[in-house]
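Please look over the notes below with the model open beside them.

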Amino acid sequence: MKLASSILLGVALLVSPAIAQSGDKAIPTTTISLGTATPGGGFPLYGDALAQVMNAADPQVSIAPRNTKGSNENIPLLEKGELDLALVAGEPAYEAFAGIGRAPARLKILTAIYSNPGMFVVRADSPYKTIRDLVGQSVAFGAKGSGLPILARYVLDGLGLKQDEDFKAIYLDRAGDGPAMVEDGRAAALWGAGIGWPGFATVASSASGARFIAPSAEEIARIRAKHSFLKPLTVPAGSYPKQSEPIASLGSWSFVLTREDLPDDVAYRLAKTLHGAEATFCKTLAQACETTAANTVGAAPRPELIHPGVMKYFREIGVVK
């Protein structure tokens, strides 16, 4: 079965034809590819939950998550038309849209997914209590190709530190490898971001427990003076096991981006399905409680970066004029 709307536009969704059943009627199903990241990280967790909720809410659209190397691979895959949708961290998205080190990306935003306050986690019995304490130590900065090392680079640069010179930087093949390295001492700390991030949850749930290290108020001010696109963010108390107090940090929003030529009617349908199921998505995954139409409007660097099909839906529901 061919997708007529895509053919008319001279593009094709990365689909495999399928048929859903509704009573005795066959319903054509469009499968849309979604790039996530390496196993064990926050993006695959989110992508799987997104697919579960979206596929249940709309039997004619099937979201198919696919593990990738993360944000830095997802962006070129979208640009080459090898993915329909992909999760991209805030810093790689910022650099791509701004054309930093490359031509400006012509991708579009489907939705903001969640905020990413960045911080380090160490064993609770470790001697490290500040970022400066970690200088010269082995630190796992995240998976190769993911957005986490980029966020860390901006944060550390704001403090006059260099990721690969002032630390013994470790870049992971799989995001899920980091917690074990902290547990067995191969790494003094693991860098991560977000609320409910799996790496943090694993360390915090371990027998040794966890201590989180975030920039101080003075350090946050210094970082933002140099990199103003990073925003003050808070990790609420109870986001991780035995985390009794909120943690102030800074970071940015991650997004689901679309390829430039994703048809407007497809983007509209995806937005309508997603935001119609916001309450269900929030119950399915705590991080998804931040995935709202209002947050997408507020998090987008510029309104014109939001997909036109999504903006059409947002106007209908009154989120934008």
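The points below take the helix before the rings.

1. This is a predicted model, in which local features need pLDDT of at least 70, side-chain atom pairs count only at pLDDT 80 or more, and totals for chains, interfaces and linings use all residues. Residues are numbered from 1 along each chain as its sequence is written, and side-chain values use heavy atoms, with hydrogens and water left out.

2. Helix 4 spans residues 90-98, and seven of its nine residues are buried (under 20% relative accessible area; exposed is over 50%, partly exposed in between; 1.4 Å probe, protein chains only). Helices are DSSP runs of H or I with at least four residues, strands are runs of E with at least two, and both are numbered from the N terminus. The cover over the buried residues includes helix 3 (71-79) and strand 5 (108-123). Gly-99 follows the helix with a positive phi, near 70 degrees.

3. There are 15 aromatic pairs (ring centres of Phe, Tyr or Trp, the last by its six-membered ring, within 6.5 Å; planes under 30 degrees apart are stacked, over 60 edge-to-face, the rest tilted). Tyr-46 and Tyr-114 are edge-to-face, because their planes stand at 75 degrees, with centres 5.5 Å apart. Tyr-46 belongs to helix 2 (residues 42-57) and Tyr-114 to strand 5, so the pair ties together parts 68 residues apart in sequence. Tyr-46 is buried at 1% relative accessibility, as is Tyr-114 at 6%.

4. Tyr-94 and Tyr-154 are also edge-to-face, with centres 6.5 Å apart and planes at 80 degrees. This pair links helix 4 to helix 5, 60 residues apart. Tyr-94 is partly exposed at 32%, whereas Tyr-154 is buried at 8%.

Definitions and conventions:
Contact = heavy atoms within 4.5 Å.
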